[in-house]
Protein chains: 2
Amino acid sequence: LGFLITDFLKHKRDGHFHSSNDLKSFVDGFLRGEIPDYQVSAWLMAVYFRGLSPQELVDWTEVMWKSGRSVRREPGQGFWIDKHSTGGVGDKTSLILVPLVSALADRLLGERRVRIPMISGRGLGMTGGTLDKLDSVPKFQSQLKLEEAYQLLQSQGFFMAGQSDDLAPADRRIYSLRDVTATVESIPLVVSSILSKKLAESIDGLVMDVKVGRGASFKRLDEARALADELLRVGRKMGLKMTALLTAMDEPLGYCTGHAIEMEECAEFLAGPHRHPGLLAVVKRLALEMMQLASRGKLEDALLEAEIDRELQGTEAQRRFVQMLESQQGDWKHFVSRDRTSHLVVECPSPRDGVVATIDAGAIAILLRDLGGGRKTKEQGLDLEVGVRLKKIPGESVSKGECVAELVVQKGADAAYLQRRFFESLSWSAEPVSQAKWILDVMRS
Amino acid sequence: LGFLITDFLKHKRDGHFHSSNDLKSFVDGFLRGEIPDYQVSAWLMAVYFRGLSPQELVDWTEVMWKSGRSVRREPGQGFWIDKHSTGGVGDKTSLILVPLVSALADRLLGERRVRIPMISGRGLGMTGGTLDKLDSVPKFQSQLKLEEAYQLLQSQGFFMAGQSDDLAPADRRIYSLRDVTATVESIPLVVSSILSKKLAESIDGLVMDVKVGRGASFKRLDEARALADELLRVGRKMGLKMTALLTAMDEPLGYCTGHAIEMEECAEFLAGPHRHPGLLAVVKRLALEMMQLASRGKLEDALLEAEIDRELQGTEAQRRFVQMLESQQGDWKHFVSRDRTSHLVVECPSPRDGVVATIDAGAIAILLRDLGGGRKTKEQGLDLEVGVRLKKIPGESVSKGECVAELVVQKGADAAYLQRRFFESLSWSAEPVSQAKWILDVMRS
């Protein structure tokens, strides 16, 4: 008779399983302000240690999802698909995939038969956030109301937005708590957080990019694989068509790590032909898997690969990239010609001849944060101009004095110190180095 | 360089050990309001799972103790001793021990060679609080300032008070959080909470009464023994002379469970000769162990046992009981003659002939709470008059229709329902039942 929060906490603490009703009472009490943060954080830590059973995790994901509204969905609106990454350094794939896949799908499967409602987050900890990158474009509106987002899906087939207040509000509040209570790295909490938001997009299909390595939350392949397994299991249980990639996050994903400079890299990438090989590999594979789900397996991989290459040689994806920004009030022209004189570019000349062996993505993330481009606390503002632009990447040879990277820094920054910091993230090899493997596994249904 | 709270939480979560400095920074940050409750509660839950190392527990106890002031101590003030119980149902031993031991010690060891600075708590959860019982005496002042407490120790050799604001404030705030975050039943957290308060009393010796059974936090003997072991280890490390008793808490400790009626039982107990056998056994053993510590082992157990019996036959302890109340403004005369017409006494006639086998202390505690005499939340007011007065206890024979207990209830209470509730706490035997064993173990240094 009734829900007692201390009994609920004891229940999880002692390794028992919650009923769906109790999970709902817990979230309802929290959102109504009847259950304070300190009880929720104690529960999160108990979950960190005790986990959630398969059924509990499904129930918990559903309760978080249904704590808010979902994007409106009507019959005959095609296949809705999204891609989500667990977070990487220099990871700008979403910004490339939305225009690329929408162009490709419209061409191969028919106008707006595939729609991409993409809701992204801000950076926190090591990893950058797609939303912060978009914010570097003047006037871009990332805070769409659900109704505006729905209209964009109708008119152009895609949007890129931040999590609105009415979308999985329980997850938003719990995510903030997790970040400050050392309860981020818990597989059931990660799974429920991702999927509750994605389910609120009313999608049919989801491709997960699970990052593993020095620049990711999960450093070990077995942990990342366990996370992917759970994402697939729960996602399918909730009716999603899903594929998960395990991809390497030991090096930054692309030449640029920052915000504005990553937007620039996206435009350069779509224009081609000079593309970072790792970014290209990941983008192509994600695009392939999104198309596979969207076509319900009707198209051969080989055909899709050829069509992705063809799309990358054309200009439609470039056009849609600018359309994506401008349809949400972003001023791309102003961005391209913006005044950069507020910042300095510091070149990092190589101290030696050699081959670049590794560039530690975790160290680059920390360097970016220290340049002013990362958050230490949730509230912190970001400098969207600063960043690291690699001129050489692992596997490439360098001569002494040749520029290995450019750092975009604030005026008055200590250039010599920052150069040293950059070179500390890098290791050298006397021998040739084979290029890193980026796609570690593909887990299809 | 500096203390990062999220790193501190991860450290414990991952099973590492905190330095004394980090524990101090944590408590200081909490007390200054820089570390919010939700981070402290996440740490408490991590400690529940990971524990504290022997050295961490000593450091943590010291940090909690030194978060506040201590009772002033000067040379030549004799041996200071206290007794502390982990909490039982109907447990009124402190109220009897203070006058009894102070009378005995003055007689055997010399005036005020032994002093008893006793700081007690309020009831919470299952167990009653000494302070709530004292509050039933009109005008009794339990909130002594440290200076007032010190004056009473000088003038009469004892006091009974509640925890003042400046005494182990970190423990007081953390205890409140533990109670609402399911982190009470953690041995290191129990040990540090008890000893930090006791150390602030500036005592030399401490006798612990560790309760085990249906009416106690720890239901199993091995858990209670592990707690006693840790209390002894940490206490000695901090320089305390200590003894721990393990005592049974399956039945209420005494005839009365309530507040005012327990004060009445104390006075009746000291007057004698009709004394509850369990209460008598526990009081005598606690008194013996307190005297053993205070006399530094100079007196034989047999002699002390005889002297305790003699003291219980005399009137000095009774006189000091009233003195204890009146020296802190309590109006005992008014209490004795108080108007009881606001409440009803409901008799519970036996439904059968038989022998009382058990009376479940946990069930009696819940019945008391439902009568209005227990707290469900920290802020709840108590009805100090209500209670359960046993007329028959386990081992005694009853005839059908004979009164087994009286319930003191609020007017308008459902008498038939409450009688039924009372009998649900009781089990019968057709055979004679041997009296319960109360002292389960004595762990001396």
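This is a predicted model: local features need pLDDT of at least 70, side-chain atom pairs count only at pLDDT 80 or more; totals for chains, interfaces and linings use all residues.
Two strands are taken to pair if DSSP finds at least two bridges between them. Three strands of chain A make an open sheet in the order β10-β8-β12, and their pairing is antiparallel. The edges of the sheet are β10 (397-398) and β12 (426-429) of chain A, each of which pairs on one side only. Strand β8 of chain A, residues 354-359, is joined to β12(A) by four bridges in the antiparallel sense. To find one spot along this pairing, look for A:Thr358, which stands opposite A:Ser427 in β12(A).

Aromatic rings come next. Over all chains, a search of the whole structure finds 21 aromatic pairs. One of them is formed by A:Trp43 and A:Trp60, with 4.8 Å from centre to centre and 55° between the planes, a tilted arrangement. Because A:Trp43 belongs to helix α3 (residues 37-50) of chain A and A:Trp60 to helix α4 (residues 54-65) of chain A, the pair ties together parts that are 17 residues apart in sequence. Both of these tryptophans, A:Trp43 and A:Trp60, are buried. A second pair has another geometry: the ring centres of B:Phe321 and B:Trp332 are 5.3 Å apart and their planes meet at 85°, so this pair is edge-to-face. B:Phe321 and B:Trp332 are both buried.

The charged end of B:Arg173 sits over the ring of B:Phe30, 4.0 Å from the ring's centre. Likewise, B:Arg338 lies over the face of B:Phe335, at 4.2 Å from the ring centre.

With a relative accessibility of 23%, B:Ala267 counts as partly exposed. B:Ala267 and B:Phe159 are 108 residues apart in sequence, and their C-alpha atoms are 17 Å apart in space.

In chain A, A:Glu311 is part of helix α13 (residues 301-313). A:Glu311 has a relative accessible area of 6%, so this residue is buried. Leaving out residues up to four places away in sequence, A:Glu311 touches A:Leu100, A:Ala103, A:Leu104, A:Arg107, A:Glu316 and A:Ala317. A:Arg32, by comparison, is found in the loop between α2 (20-31) and α3 of chain A. Its relative accessible area is 56%, so A:Arg32 is exposed. From A:Arg32 to A:Gln313 there are 281 residues in sequence and 52 Å in space, C-alpha to C-alpha.

Finally, the two chains can be viewed together. Chain B is superposed on chain A by a rotation of 179° with 0.1 Å of shift along its axis, at an RMSD of 0.1 Å. That is the relation of a two-fold axis. Among the residues of chain B, B:Tyr38 comes closest to this axis, its C-alpha lying at 1.8 Å. Where the chains meet, 22 residues of chain B are in contact with 22 residues of chain A. The area buried between chain B and chain A is about 1800 Å², with 70% of it on carbon and sulfur atoms. On the side of chain B, the residues that lose the most area to chain A are B:Arg13, B:Tyr38 and B:Phe49, together 35% of what that side buries. Because 100% of the interface residues of chain B are also interface residues in chain A, the copies meet through the same surface.

How values were computed. Residues are numbered from 1 along each chain as its sequence is written. Chains are lettered from A and ligands numbered from 1 in the order in which they are written. Side-chain values use heavy atoms; hydrogens and water are left out. Helices (H or I, at least four residues) and strands (E, at least two) are DSSP runs, numbered from the N terminus. Rings of Phe, Tyr and Trp (its six-membered ring) pair if their centres lie within 6.5 Å; planes under 30 degrees apart count as stacked, over 60 as edge-to-face and the rest as tilted. Buried means under 20% relative accessible area, exposed over 50%, partly exposed in between (1.4 Å probe, protein chains only). A charge sits over a ring if NZ of Lys or CZ of Arg is within 6 Å of the ring centre and within 35 degrees of the ring normal. Copies are superposed by least squares on the C-alpha atoms of residues with pLDDT of at least 70 in both. Contact means heavy atoms within 4.5 Å. Buried area is the accessible area (1.4 Å probe) that two parts lose on being put together, summed over both.
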